[in-house]
Amino acid sequence: MFRLPRPPRSLAGQLFAMQVLVVAVIVAGCAVFAYATARGQAEDAARRQAGAVARSVADSPSVREAVREAAPGTAPAAGLPTGSPTGAPASSATGPATGSAVDAFAVLSAELQPYAERVRTDSGVDFVTIMAPDGRRWTHPDPRRIGERFIGNTAPALRGETFSETYTGTLGPSIRVVTPLTDNGRVIGMVSAGITVRVIGDRLAAQLVVLGWFAAGALALGGAGTYVVNARLRRHTHGMNAAELSRMYDYHQAALHGVREGLLMLDGQRRITLINDAGRELLGLKGKIRGTGVADLGLPAPLTGALLADGPRVDEVHLTADRVLVVNSSPVAGGGRKGTVVTLRDHTELQALTGELDHERGFTQALRSQAHEAANRLHTVVSLIELDRAEEAVEFATAELELAQALTDEVVTAVGEPVLVALLLGKAAQAHERGVELVVTPDSSVIDGRTGIPPARDLVTVLGNLVDNAVDALSGVPGGRVMVTVRAEGDGLLIRVADNGPGLPEGADVFRRGWSGKGEGRGLGLALVRQVAHRHGGSADAGARAEGGAEFTVRLPTRGEAGA
């Protein structure tokens with residue numbers, strides 16, 4: 001049967017499985033180590049307990065006295081030949097002595113057996129055996145085993161040493177301690193005390209139950225903690241696996257550095273956490289700026305305020321030293337952390353083209369007005385001719401031509417730059433329609449052919465916006481007049497536009513983006529004028545005329561031919 005491949009687990013699921021396995025292995029290892037340690041400690045405790053019991057019995061004065069008086073070979077009164085093993089069959093020559101030895105062995109066993117059993121019961125060991133030097137038992141938990149030889153090693157004890165061993169005897173495997181019973185340095189017997197391995201196992205089993213509960217609790221606690229941590233990780237990774245996260249990161253990097261719009265990500269303290277290449281270029285930032293606060297970037301104050309704002313910003317226009325930027329920002333809150341995402345679009349070229357389009361539209365309107373006026377004048381001439389008043393018709397037509405030609409000659413002679421001439425002629429027609437007179441001052445000089453002057457587009461931006469601002473200020477003012485001065489001055493170019501209007505408000509920053517005589521938030525032309533001036537290393541100033549009205553002066557340095 002065909003089976004579809006299972007989708008890979010999420011990263012959080014993989015980490016959860018791995019962490020549970022690691023916790024289980026650690027808990028199992030700790031349990032095994034604790035078991036081994038507990039078993040070793042239990043055996044050491046049993047060995048110490050058996051050793052203490054054996055030594056206490058061997059050091060008992062009553063035991064030593066009983067063995068010395070009754071044990072064969074330890075006292076001459078025993079009547080046994082030296083070196084004859086107790087209870088060994090006697091020859092015919094020693095028959096009476098052998099019977100006496102058997103009686104002495106039985107008497108000693110009967111005396112020591114109750115004592116050994118009391119010690120065994122009180123001390124908690126499994127056996128206490130008191131034996132002769134040849135290994136025959138005087139005491140044993142099983143009375144049937146009395147008189148039999150001790151099963152185990154006794155050689156070190158016969159040498160006067162106390163030792164321990166694990167050996168299988170009549171009661172099964174046991175941990176035993178054998179110690180000598182001495183009298184004036186002579187070994188007159190031995191004492192062995194021990195605890196069976198089964199009893200040690202029972203003790204250890206009780207500890208293992210407790211250890212098992214602790215291990216299960218540790219495993220459950222570790223699993224619960226791992227589940228909580230991975231549940232939070234799953235929320236943050238949206239259940240994606242490692243391959244999906246890696247692919248998303250690659251797409252993120254490609255999109256971040258591939259888009260032309262600038263992208264900034266700010267944290268809750270308005271520090272830059274991420275910026276793409278376009279953002280660096282649009283803001284003119286270089287070097288390492290990650291972690292830098294927005295207020296420390298040296299950006300214009302209005303733009304800095306927009307980036308520091310808490311609320312969203314939609315299509316706000318801001319100026320830098322050489323660009324017009326459209327700023328959009330959106331607050332982001334997720335995972336307990338706040339921040340802001342900012343996008344930047346470069347509208348410098350678009351703004352310049354829009355300005356040129358406005359000027360072209362103005363020229364079109366001026367031409368339409370002039371065509372309308374020309375049609376009126378033509379009708380007047382035709383009517384005069386039809387009335388047989390030819391001389392008056394010629395006089396009227398000649399006067400109109402001289403007036404128009406005089407204005408054109410005046411502008412061409414004073415300025416010379418074709419683009420500026422066309423601009424001023426169009427602006428003059430627009431101003432005339434609005435009842436404002438535009439004149440070129442006599443101190444203007446020809447700049448056509450001068451090397452190193454700024455591009456014509458920038459000149460149109462400066463002069464066009466200054467003239468528009470002056471004409472707007474004179475709207476509704478009787479006898480309004482705009483005076484334009486364009487001349488070379490030193491190593492630069494001077495453009496001055498003055499009017500006889502109401503003047504400027506006291507202390508107003510007229511070049512700030514958003515300032516307008518028609519209300520806040522509408523002005524951009526004067527801000528563009530200052531931007532062009534600063535981009536070329538010049539200056540833009542505004543002030544009041546002594547005769548009344550406002551005066552704007554822009555100075556643009558020129559460069560040599562090589563620089564141009």
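A crossing of two helices is left-handed if the near helix is turned anticlockwise from the far one by less than a right angle, and right-handed if clockwise. The model on screen is predicted, so local features need pLDDT of at least 70 and side-chain atom pairs count only at pLDDT 80 or more, while totals for chains, interfaces and linings use all residues. Residues are numbered from 1 along each chain as its sequence is written, and side-chain values use heavy atoms, with hydrogens and water left out.

**Stop 1: two helices**

Select residues 456–473, helix α12, and residues 525–535, helix α13. Helices (H or I, at least four residues) and strands (E, at least two) are DSSP runs, numbered from the N terminus. The two helices pack at an angle of about 145 degrees, with their axes 9 Å apart. Axes are lines fitted to C-alpha atoms, for helices over the stretch in contact, and angles run from 0 to 180 degrees between N-to-C directions. The crossing of α12 and α13 is left-handed.

Which residues of α12 meet α13? They are D458, T461, V462, N465, L466 and N469, and on the α13 side G525, L526, L528, V529, V532 and R535. Contact means heavy atoms within 4.5 Å.

**Stop 2**

Next, select β1 (127–131) and β2 (163–169), the edge strands, each of which pairs on one side only. They belong to an open sheet of four strands in the order β1-β4-β3-β2, with antiparallel pairing. Two strands pair if DSSP finds at least two bridges between them. The twist averages 30 degrees from one strand to the next.

M131 has M190 in β4 as its bridge partner.

**Stop 3: a loop residue**

Go to R159, in the loop between α4 (155–158) and β2. Is R159 buried or exposed? Its relative accessible area is 57%, so R159 is exposed. Buried means under 20% relative accessible area, exposed over 50%, and partly exposed in between (1.4 Å probe, protein chains only). From R159 to V187 is 28 residues in sequence and 8.0 Å in space, C-alpha to C-alpha.

**Stop 4: a buried threonine**

Now select T340 in strand β9 (residues 337–346). T340 counts as buried because its relative accessibility is 4%. Leaving out residues up to four places away in sequence, T340 touches L264, M265, L266, R270, S329, S330, P331 and V332.
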